[in-house]
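Reader: Please show me the model, and then take my questions one at a time.

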Amino acid sequence: MDILREERKKLLRKEFLAKRKELTPKQVQEYSQKIVNFLQKRTEIQNAQIVMSYLSYGNEVNLQRLHEILWQKGIQVAVPIVQDEKQGKMFASIFLPEDLEKMETSNFGIKEPCIQRPVKP
């Protein structure tokens, strides 16, 4: 049963990735804005001290505006950082506005802050 579910998940991921790649930059921007507007109204986000997010890559939803809103409200933003590419290990790092000026590109082609501040559980 788990094998069938995993295969189904793989197929769905592939299907949705293909659909996302078909989006125009204007569509990505419009959808991103709608998603940010929705997320910023959520009480879970409004009441949070820290929000786990990500830095968009390719045609992914761009959450930069959400990050700016959170920073303005004094809410911390954390993003995933690849720690060990071979083993796929990652950790959450606090992402600050000044990090936008000091980014590096991982081997996966994803921008990451140069300064890493691991989130303490």
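**Questions on the model**

Author: Gly-74 sits in the loop between H4 and strand E2 (76–84); helices (H or I, at least four residues) and strands (E, at least two) are DSSP runs, numbered from the N terminus. This is a predicted model, in which local features need pLDDT of at least 70 and side-chain atom pairs count only at pLDDT 80 or more, while totals for chains, interfaces and linings use all residues. Residues are numbered from 1 along each chain as its sequence is written, and side-chain values use heavy atoms, with hydrogens and water left out.

Reader: Is Gly-74 buried or exposed?

Author: Buried means under 20% relative accessible area, exposed over 50%, and partly exposed in between (1.4 Å probe, protein chains only). The relative accessibility of Gly-74 is 60%, so Gly-74 counts as exposed.

Reader: Is His-67 buried or exposed?

Author: His-67 belongs to helix H4. Its relative accessibility is 1%, so His-67 counts as buried.

Reader: Which residues is His-67 in contact with, leaving aside its neighbours within four places in sequence?

Author: Contact means heavy atoms within 4.5 Å. With the neighbours within four places in sequence left aside, the contacts of His-67 are Ser-53, Tyr-54, Leu-55, Val-77 and Phe-95.

Reader: Why do the buried residues of H2 line one face of the helix?

Author: The buried residues in H2 include Val-28, Ser-32 and Val-36. Seen down the axis of H2, the buried residues line one face because they fall within an arc of 65°, the arc being that of the directions from the helix axis to the C-beta atoms.

Reader: Which helix do the buried residues of H2 pack against?

Author: The face of H2 turned away from its buried side carries the exposed residues Lys-26, Gln-33, Lys-34 and Lys-41. The buried residues of H2 pack against helix H4 (64–72).

Reader: Which element gives the largest share of the lining of the largest pocket?

Author: On a 1 Å grid over the protein atoms alone, a pocket is an open set of points where a 1.4 Å probe fits, with protein on both sides within 12 Å along at least five of seven lines; lining residues have an atom within 4 Å of a point. The largest pocket has 13 lining residues, and Gln-29, Ser-32, Gln-33, Asn-62 and Arg-65 lie nearest its centre. Two or more lining residues come from each of H2 and H4. The largest share, seven residues, comes from H2.

Reader: How far apart are the C-alpha atoms of Gly-74 and Ser-32?

Author: Along the chain, Gly-74 and Ser-32 are 42 residues apart. The separation of their C-alpha atoms is 22 Å.
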